[in-house]
Amino acid sequence: MASCNHVFILALIVTLSLSSINMSLAARQLLQTPAAPPPALTLPTVPSLPTLPPLPSVPTLPQATLPPLPSTPLPTLPTQPTLPRTTLPPLPSTQIPSLPNPTLPTVPKVTLPPLPATPLPTIPTTIPSIPTIPTTIPSIPFFSPPPSN
């Protein structure tokens, strides 16, 4: 909240400094001076580039020959041991006791009373007239100038 006050005060100071009489007179002076014609634009001359010597050719490199890979047989991996098959014991069969079905109480039948027969409100079709605003301002005696002689 305090920073908002500082921004407001800074804006007020900038506004007052820009609206000073000297600034207004300087702007008026600038507006009254005749505008000078813009200077003719000339393109600068571009110096010609020196010619470059041709690039040297790329020397050919000798082709390298790789020695052949040794032809040793790959070692054989040991066989993976087989694990014995395990069987799970059967689950015990326990009888789940059956619960008796509960009987729900009966709900009494309820009837609602009929709605009252009230008529709907009517919407007016004519728009009322808007009162007029007086165009003359009444004179206040002590604000009027004194009579001239």
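This is a predicted model: local features need pLDDT of at least 70, side-chain atom pairs count only at pLDDT 80 or more; totals for chains, interfaces and linings use all residues.
The secondary structure of the chain consists of two helices and zero strands. The radius of gyration is 53 Å, whereas the globule rule gives 15 Å for 149 residues; the value is well over that expectation, and the chain is therefore more spread out than a compact globule. Along the principal axes, the C-alpha atoms occupy a box of roughly 135 × 110 × 45 Å. Burial follows the classification in which a residue counts as buried when its relative accessible area is under 20%. By this criterion, 0% of the 149 residues of the chain are buried. The accessible surface of the chain amounts to about 17,600 Å², and carbon and sulfur atoms contribute 71% of this area.

Helix H1 comprises residues 2-18 and includes Leu12. Leu12 has a relative accessible area of 44% and is accordingly partly exposed, a class that lies between the buried limit of 20% and the exposed limit of 50%. Leu12 also belongs to a nonpolar patch on the surface, together with Phe8, Ile9, Ile13 and Leu16. The accessible area of these residues together is about 530 Å². In an α-helix, residues three or four places apart point the same way, because there are 3.6 residues a turn.

Helix H2 spans residues 21-32.

The segment after H2 contains Pro128. With a relative accessible area of 66%, Pro128 is classed as exposed, because the exposed class begins over 50%. The C-alpha atoms of Pro128 and Thr65 are separated by 107 Å in space, and the two residues stand 63 residues apart in sequence.

Terms used. Residues are numbered from 1 along each chain as its sequence is written. Side-chain values use heavy atoms; hydrogens and water are left out. Patches are made of residues with over 30% relative accessible area and no salt bridge: like charges are joined within 9 Å, nonpolar side chains (Val, Leu, Ile, Met, Phe, Trp, Tyr) within 5 Å. Accessible areas come from the Shrake-Rupley method with a 1.4 Å probe; for residues, only the protein chains shown count as cover. A salt bridge is a side-chain nitrogen of Lys or Arg within 4 Å of a carboxyl oxygen of Asp or Glu. Helices (H or I, at least four residues) and strands (E, at least two) are DSSP runs, numbered from the N terminus. Buried means under 20% relative accessible area, exposed over 50%, partly exposed in between (1.4 Å probe, protein chains only). The expected span of a helix is 1.5 Å times one less than its number of residues. The radius of gyration is taken over C-alpha atoms; the globule rule is 2.2 Å times the number of residues to the power 0.38.
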